[in-house]
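Here's a quick tour for anyone meeting this structure for the first time. Have a look at the model, then read on.

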Amino acid sequence: MLSSVQNPRFLLLHLPPKHLHFATTKAIHTSQTLALSPSTSPSVSQILTLRHSLLSRRSTAVELAEAYLARLRRTEPQLKSFLHVSENALKEAAEIDRRIERNEAVGPMAGVLVAVKDNICTADMPSTAGSRALEGYRPPFDATAVRKLRESGAIVIGKTNLDEFGMGSTTEGSAYQVTANPWDLSRVPGGSSGGSAAAVSARQCVVSLGSDTGGSVRQPASFCGVVGLKPTYGRVSRYGLVAYASSLDVIGCFGSSVTDTGILLHAISGHDRFDATSSKRQVPAFTSQFISKDLLESKPLKGLRVGIIRETIDDGVDPDVISSVCGAACHLEALGCIVTEVSLPSFSLGLPAYYILASSESSSNLSRYDGVRYGNQVVAGELNSLYGNSRAKGFGSEVKMRILMGTYALSAGYYDAYYKRAQQVRTLIQKSFKEALDNNDVLISPAAPSVAYKIGEKKNDPLAMYAGDIMTVNVNLAGLPALVLPCGFVEGESTSLPVGFQMIGAAFDEEKLLKVGHIFEQTLQGCNFVPPLVADDFPC
Amino acid sequence: MALTLFRGIQTRPFLPYPYGLFPRKHVLFYATMKSTQTQTATHEKEQPLLKVSSHTHSKRLDNVSKGYEAIIGIETHVQLYTLTKAFCSCPYSYGSQPNTTICPICMGLPGALPVLNSKVIEFAVKLGLALNCKLSLNSKFDRKQYFYPDLPKGYQISQFDIPIASGGFIDLDIPVEFGGGHRRFGITRVHMEEDAGKLLHTGNGSYSEEITSPLLAGVPLLEVVSEPDMRTGIEAAEYAAELQRLVRFLGVSNGNMQEGSLRCDVNVSVRPIGQLEFGTKVEIKNLNSFSAISRAIDFEISRQVLLHNENQSIQIVQETRLWDEGAQKTVTMRKKEGLSDYRYFPEPDLPEVILGKEYIDSIRDSLPELPEMKRRRYEKMGLSMQDVLFLANDINVADFFDATIDKGADVKLAANWIMGDIAAYMKNEKLSINETKLIPQELAELIASIKGGTISGKIGKEILFEMLGKGGTVKGLIKEKDLIVDPVEIEKMVDKVIAENPKQLEQYRGGRTKLQGYFAGQVQNFDNETIKRQGKPSASEQDPFGEIKCQELRMSKLDDRYFAPAWLQAFPLRDVQQHLDDNNAATTMEGGATPAKKVMMVADPTRESAAALQYALFHAVFEHDTLILLHVGNPYAWKNLFSFFKWPATPGASASVSYNEGSISAMKRTCEIAQPKICVLVERVEMDGKEKAAVILHHSTLHSADILVIGQKRSLSNAILGQRNGSLRGLDTAEYLIENSKCTCVAVQKKGPKFRLSSQYENQQKLLAPRITKHNTILASVT
């Protein structure tokens with residue numbers, strides 16, 4: 001099948017639109033942009049809509065929250081995207097209503113229900129990182145991102161499921177439950193932020209926070225048909241994010257539209273004195289330059305240089321995924337972009353380098369779960385047994401495997417062969433990205449080599465699962481921002497499954513990514529990325 | 001221990017300082033350390049001056065260490081004096097309740113991240129510069145990983161392959177009593193890290209019940225690693241002491257060993273002299289004082305050498321040993337089976353540490369004067385090494401001294417006042433010099449007033465104590481107490497005394513010049529008020545006999561550095577004064593003569609000798625007695641060589657002679673002041689290749705002395721370094737003399753204010769008797 005895409009450039013130029021899974025019949029009604037009910041077109045910002053109805057007093061925050069909570073209660077038994085649902089959501093919503101009533105100023109995210117991945121600390125809810133090692137653990141502090149969200153008026157609705165400590169690509173690695181994909185309950189939502197992606201996709205919340213170490217925001221965004229943003233390393237404080245691989249971890253955003261994602265990112269970005277690696281750069285108002293569809297010129301992206309990464313549309317990638325991405329490229333070209341092919345020769349080295357670095361750092365970051373201060377402690381008569389047994393009982397097999405790999409890679413005599421070389425590869429990758437981004441405004445690639453797969457399909461084949469990260473890990477190694485946008489569908493067995501494509505930008509240039517993404521999203525004809533599970537709530 | 005041959009400390013061969021090149025081999029060393037207390041100031045823990053006591057192992061150590069040399073390196077953890085911890089904003093202070101000053105970061109909670117306290121870098125750069133290190137402009141933090149309950153995160157943030165500073169050195173001066181000399185020890189590296197937590201055991205032994213206190217967790221440390229340049233316990237202890245001074249001068253740490261703010265882990269190995277490879281090294285921990293460092297190393301050297309001698313060197317394994325202060329030995333703590341793998345890797349949570357040239361320069365410019373610079377400066381001022389070491393030891397004392405000098409005070413006089421009365425006061429009151437009410441300006445004023453003749457030394461002392469305790473100014477106090485007396489009044493008194501003692505006057509005129517002291521005493525006792533009113537020396541210039549003048553001069557000379565050098569500071573001048581007054585009283589009341597005896601005292605410029613002198617003056621001699629100060633010179637003694645650098649050579653005389661000359665003369669003067677009614681003779685003899693003990697014995701017989709007094713010293717360190725020699729094997733000079741002298745021989749050691757005596761007698765208490773008896777008699781005669 002891959003032979004059919006030997007010449008993607010040609011394909012881009014000549015592939016007729018019908019080969020893409022763009023629905024051509026339905027156009028989005030612009031009058032609905034500011035519709036006051038949540039029952040609106042998917043690519044319309046839920047946050048802006050909600051804000052408008054709150055401030056115009058057409059509905060209250062409690063009513064809006066109740067609508068989401070009702071949907072959450074209805075879908076949760078099938079999806080299992082939440083590990084904990086807040087009991088205070090309605091109380092907090094009522095407080096916002098009171099403030100609006102008193103004509104007090106409310107934050108930009110007032111009344112917005114945000115789901116938070118369970119590896120991000122919340123003071124009033126358990127934060128288990130999906131691990132038995134932290135079962136019942138309630139941190140005494142909010143992560144900086146969560147604190148900022150609360151300050152801007154958002155309501156944390158609950159904690160979402162994930163692969164234990166973020167190690168996995170399916171959310172099957174959770175110690176507590178397996179989350180299903182809202183598009184097809186027999187499939188995985190992706191991972192590790194599968195719970196956050198599924199929750200946004202099923203409209204259980206407005207937006208959600210995830211974390212992205214090797215693609216953990218972008219791959220589930222693609223699988224669940226939502227917008228996922230991995231910001232530049234340092235854009236968002238990691239304080240309060242349970243560390244997996246500190247030099248790669250970033251907190252990312254999920255939204256059902258680019259606007260929501262941009263608003264969420266703006267709310268959580270900025271320097272934090274509690275994170276020495278957080279950047280002091282100014283945070284632009286990411287959504288201020290967004291132009292409504294009505295006002296768009298015929299070629300709104302004229303002159304924008306887009307590079308499609310050749311290595312990502314090659315062997316091993318699902319041809320349907322390739323054609324979707326090429327379709328997206330085609331669409332960008334139609335918007336005025338200059339699309340060219342770019343080669344990143346070091347691309348394939350990213351995967352092994354990533355697994356060495358991430359495992360090494362995780363072996364160290366996870367040392368603190370020794371059962372002494374928090375989490376489950378196994379009673380033992382002797383110190384080493386206390387450590388050994390507590391850790392044996394606390395960690396799942398994937399985590400253990402990565403700790404072992406990381407410990408090995410850092411051991412005396414192996415450090416140079418593994419860790420050090422991986423760092424060298426990382427430098428190479430950073431350089432090649434830099435070069436490619438000097439010649440292009442954005443780079444595009446698939447977000448994952450395939451669409452969502454069946455639950456259990458890759459559970460016993462870790463290498464196949466690791467290979468699924470090929471599209472995303474390089475971006476983490478380079479520390480760059482990337483936006484995943486749903487761009488089409490691939491027919492599954494029973495239903496069509498969403499596909500996303502990845503746009504990679506220069507460091508700290510999230511603004512450009514979001515701007516391009518917004519135009520792309522607004523002009524994408526007829527795609528409805530509301531899963532059938534909740535489609536009744538959102539008639540188009 | 002007989003003649004202990006001071007084999008000397010091996011120094012680095014290419015030391016750029018001449019001190020290091022002394023032929024210290026074949027040098028005799030007599031008295032011991034611990035004989036006198038350091039006359040130092042303030043709290044004892046702040047004084048890194050060493051105290052090394054005698055040790056039961058000494059003889060064994062002495063024998064076994066022959067033919068081996070020890071290689072010693074030290075790792076020192078300096079707890080930084082920052083307000084907050086290294087990577088979070090928790091305050092910390094010693095003694096806080098466990099688990100009170102903690103936060104998610106130092107608890108290592110999930111999600112918490114370290115953020116470097118910028119003070120830590122500043123302090124590291126300061127110490128790096130002070131240790132003459134090369135600074136890394138780009139350094140980084142690494143994680144050192146191991147599991148232990150004191151480590152909340154499971155790793156320690158440290159620096160591994162790129163320390164912030166490396167390749168430096170530290171200069172120091174070994175105190176005279178330990179052999180003196182300048183040393184330079186290499187510094188391998190200085191790096192930043194965080195402290196681990198502290199384990200508090202609850203007693204039931206279960207780990208789950210154990211409390212880990214992250215109180216200390218995250219406290220910033222600098223680890224200073226030395227080159228293996230040290231060879232003896234004393235050198236190692238002095239290295240640690242110098243490091244303590246340095247961190248205190250820099251203000252980067254309080255340097256208290258008791259509180260664990262300065263922790264030394266010592267690595268010791270021994271090898272046969274001449275062997276190039278190092279022996280197996282052993283690490284010693286739990287060293288809470290400088291003397292513990294010295295003693296632990298000496299013990300460890302002997303342990304290892306013994307194993308070598310018994311062909312059991314295979315039993316020396318790489319291990320960590322603990323110093324057991326109670327048992328005075330090292331015991332195995334844990335054996336190292338291979339190198340532990342700490343799996344270091346760069347700390348991803350912290351950015352690189354990048355130092356700008358400007359930043360470094362600004363810190364370099366802000367560095368205070370460091371101990372070494374201070375010592376060299378004081379040395380250039382003409383102070384003796386002992387003075388220099390005392391003054392430069394404590395930054396507060398040094399600052400006080402400098403401020404006094406700035407106010408124009410005479411350098412030597414200022415040093416003497418500070419090291420004498422002020423230090424004694426500080427010690428008694430347990431105050432630091434800043435906590436006394438005295439200010440440098442007033443000390444300068446006091447010195448000037450005495451020098452200018454406005455007041456006498458004795459009155460100066462009174463004013464000093466007044467100012468130390470209550471404050472005030474010299475001028476104000478003089479005025480308040482009306483201390484300057486009319487010279488005419490003194491003349492009147494002199495006239496009266498002379499008129500009232502025609503008999504003594506006649507005897508004096510007949511040649512009994514010793515009576516001059518008697519006259520002085522009479523004047524002083526004229527009435528109680530008058531004692532205080534020691535007028536200007538010039539007041540008595542018209543005294544027809546000159547005795548009064550002599551007395552006045554003696555009194556004022558008490559404060560002169562030249563007459564009371566540093567080693568005599570061990571001998572509190574106040575006591576002398578007190579004794580003088582007592583004695584005068586006794587003279588007045590009793591008036592009669594006691595049978596004169598001859599006391600011979602072995603006089604050297606050492607503390608031990610000063611103690612012996614003190615004993616002799618207070619307990620052995622009485623009026624009309626003869627005190628012979630016997631000085632046995634050895635032209636080859638290291639001290640003489642040493643003094644060549646210390647004392648500016650006087651033209652036409654050998655430097656060494658002038659030094660000893662000065663100190664023996666000073667002793668003589670002290671005797672005359674303390675006991676004006678005795679006859680003091682000085683006898684100088686040469687060793688001529690004989691044993692010192694034999695020479696002393698010979699001269700005591702020659703003079704038919706009734707009592708022989710000698711300072712005694714016992715030191716583990718000397719025992720180890722020294723070598724036995726000839727017939728006196730196993731005994732030291734004092735022991736030899738006690739065994740062999742025909743007269744009463746008293747060996748004096750001083751422990752604090754008390755004398756420790758040994759003699760032929762079983763009951764040493766009666767050696768203190770003469771004065772006590774005398775005193776009782778006086779009391780009896782009064783009632």
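How many residues of chain A are in contact with chain B, and how many of chain B with chain A? The count is 38 residues of chain A against 27 residues of chain B, with two residues in contact if their C-beta atoms, placed from the backbone, lie within 7 Å. Keep in mind that this is a predicted model, where local features need pLDDT of at least 70, side-chain atom pairs count only at pLDDT 80 or more, and totals for chains, interfaces and linings use all residues. Residues are numbered from 1 along each chain as its sequence is written, while chains are lettered from A and ligands numbered from 1 in the order in which they are written.

**Where the chains meet**
- On the side of chain A that touches chain B, the elements giving two or more residues are α10 (350-365), α11 (383-394) and α12 (397-410) of chain A. Helices (H or I, at least four residues) and strands (E, at least two) are DSSP runs, numbered from the N terminus.
- That side of chain A has 21 nonpolar, 10 polar and 7 charged residues. Here Ala, Val, Leu, Ile, Met, Phe, Trp, Tyr, Cys and Pro count as nonpolar, Asp, Glu, Lys and Arg as charged, and the others, Gly among them, as polar.

**A helix pair in chain A**
- α10(A) also packs against helix α13 (residues 416-439) of chain A, at an angle of about 125° and with the axes 9 Å apart. That angle is why α10(A) is called oblique to α13(A); under 35 degrees counts as roughly parallel, over 145 as roughly antiparallel, 65 to 115 as roughly perpendicular and the rest as oblique.
- Axes are lines fitted to C-alpha atoms, for helices over the stretch in contact, and angles run from 0 to 180 degrees between N-to-C directions.
- From α10(A), the residues A:G350, A:A353, A:I356, A:L357 and A:S360 meet a set in α13(A) that includes A:Y418, A:A422 and A:I429. The residues of this contact divide into 8 nonpolar, 2 polar and 1 charged.

**The annotated sites in chain A**
- The UniProt record (unreviewed entry) places "domain: Amidase" at residues 63-514 of chain A. UniProt annotations may be inferred rather than shown by experiment.
- This span is 37% helix and 14% strand, and its end C-alpha atoms lie 30 Å apart.
- Under "active site", UniProt (unreviewed entry) lists A:K117, A:S192 and A:S216. They are spread over 100 residues of sequence yet cluster in space, with a largest C-alpha distance of 10.9 Å.
- A:K117 sits in strand β2 (residues 113-117) of chain A. A:K117 counts as buried because it has 32 C-beta neighbours inside 10 Å; the cut-offs are 20 or more other C-beta atoms within 10 Å for buried, 12 or fewer for exposed, and partly exposed in between.
- A:S216 lies in the loop between β4 (207-212) and α7 (218-224) of chain A, and is buried too, because it has 37 such neighbours inside 10 Å.
- Not counting residues up to four places away in sequence, A:S216 touches several residues, including A:S192.

**A look at chain B**
- Chain B holds 26 helices and 25 strands, and 52% of its 783 residues count as buried.
- Helices α9 (residues 395-406) and α10 (residues 411-429) of chain B pack at about 145°, their axes 10 Å apart.
- The contact of α9(B) with α10(B) has 8 nonpolar, 1 polar and no charged residues.
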